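Visitor: Please take a close look at a single part of this model.

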Amino acid sequence: MSRRFGGLAVSALGVLLTAQPLNRLTAQHFSIGPQIAFGDYKEVSADLHYRGGGIAAKASMSWKRFSADVVLSKLNYTPEGGTATADFEASEVDVRVRYYIAGPVSGELGFINRNTDPEFEAQSVGAAVIGARINYLLGPGVRVALNGGLLAGSKFSGGGSVSPLGAIQLGLGLTVDALRGRLQVTGDYGFQRLSRETDDGSGPASAPIQQSVGRMGLAIAF
Amino acid sequence: MRASTWTIVTVAMLIAPLVSAQTIQNPTLRRAQHAFDNLDYRQALTEGRAALRERLTGYERARAYELLGFTYSGMDSILRSVDAFKQVVLLEPERQLDPNRTSPKALSAFQVALTQVLVVRQLVIDSVTFIGGQGAVPLRYTVTQPARVVTRVIGGATSLRIDSTVANGQVNLRWQARTPGGDPLPAGNYTIVVDASVGQNSFSTSQPIRIAHGTVDTVAHLTSLPGYTYLPETEVPPKSWKPMGLALVYTGAALAGTSALSSGDLGKVSLREGAVIGTGVVVAGFVMMLKKPAPQPARGNILYNQLLREQIARRNTEIAQENTRRRQQVALTVAPAVRPTAGGVR
């Protein structure tokens, strides 16, 4: 429970950090809004397969060459066949800060923190995100983005480790402006794969974690 | 009587002496003219000479000599004709004979007479307005003999020499209407006096002028350059399949990446989430492919407009400087006033 509160505190802090300078940074763009989320989660083997849905909130801002996204999501995963029997709830904080480099490319740093409840029904994960993002303006008010990177320094509630290149993430995003940019329709896809290995003294054992999440929603832009 | 009737009567009384001064009243001269009209040259000579011995107005005296000149030329007595015309020229230096109504012999005698007396004729000063120091008043006159001609302007305490030259025939001058210090001549009434002298002979004529001062017009600031218009700073690029293509590439990259990066230990990878979002991206790309593209900045036009704005600003700066200078200048208007009686032999 205390871990979940920690995650919520980090989430709230992220939103505050993003939203607080709004009244001073007139050049920045800021948007915030709810999303519905749906996902697919697998752990260790194909038998531990979950699917579920939930809600999310996404805040985005940009200022000069910087931009940032903060996503809070909560999904209720239900076993999808296999040997899993119990549902669990995954609360995730995903914070990304980007710096525009050149052309459509931005460098990206951030972190993810996913807590599960019940605590040991699935692995809670924390990791830093190092990656890049490519943005393209498809047309007036329509932006598409592709991002990818490594989940560095991954930590798991059940222990285990990941090789430096074993944890990766991939994403696809779409933003469509409406009402002269005051409203945005958002769609995001995120894929994570963590090639986790555990060792209980009998030698390394593969315990991979893989999650695909799709989110669709609206945002109000300021 | 009404006021208008009084006015007419008064005007008539004032004009009457002027009209009578320009008509022949002397009966002897009338008879001479009648005899000339009847080609009775001897009678015309007798009556004309007799009229000259009587008391005549200046106009009548000039007509009497002119009648003698025509009569002598009709009688082929050219020298006497020239002598008579010389008297006409001295009495009325501006006198011109109508070549369509005058015999060639009389005309040639008149021209010879002109060359044998010293007069300054046809002094003309054109009306002109110019900025003090930047323009000039055109003056012209004709001297009938080679002579030293001095042109002066006189008015109040002002007496300035405009020109001094030896001339014969038509003389054209340009006078800047400035004082010796270079300042524009003060506003007021002046007289242009032309004195011609050769040996013992001299002649003087004059023309009154009025000089008025005014403000110099300033130049309006420019909002555009003639012939140059601002160009649109954005332009709509042609429709392109690029949005659709890129949407497919992005979606394909995401789905292919998901498939390639998924762990083999976890069985078949779920592409449901990626497919849903990817479909949205592809639909957006398709719509954008059909939609009119957003206007893009036209760099060439932006630079052109910037150059045009700079040119207009530079020109307006020059205009402002020019207007500042013009506000310190004075516009001189020089116009001839009513000419008094013509000049004469001194």
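How many residues of chain A are in contact with how many residues of chain B?

Guide: This is a predicted model, in which local features need pLDDT of at least 70, side-chain atom pairs count only at pLDDT 80 or more, and totals for chains, interfaces and linings use all residues. Residues are numbered from 1 along each chain as its sequence is written, and chains are lettered from A and ligands numbered from 1 in the order in which they are written.

31 residues of chain A are in contact with 30 residues of chain B. Contact requires C-beta atoms, placed from the backbone, to lie within 7 Å. On the chain A side, the elements giving two or more residues are β1 (29-43), β2 (45-63), β6 (125-139), β7 (142-156), β8 (161-178), β9 (183-199) and β11 (209-221). Strands here are DSSP runs (E, at least two residues), numbered from the N terminus, and helices are runs of H or I with at least four. β9(A) gives the most, with six residues. By class, this side of chain A has 17 nonpolar, ten polar and four charged residues. Nonpolar covers Ala, Val, Leu, Ile, Met, Phe, Trp, Tyr, Cys and Pro; charged covers Asp, Glu, Lys and Arg; the others, Gly among them, are polar.

Buried residues make up 27% of its 346 residues. Buried means 20 or more other C-beta atoms within 10 Å of a residue's own, with C-beta atoms placed from the backbone. Of the chain B contacts with a separation of 6 or more, 69% join residues 24 or more positions apart.

Technical notes. Buried ≥ 20, exposed ≤ 12 C-beta atoms within 10 Å, placed from the backbone. Contact = placed C-beta atoms within 7 Å.
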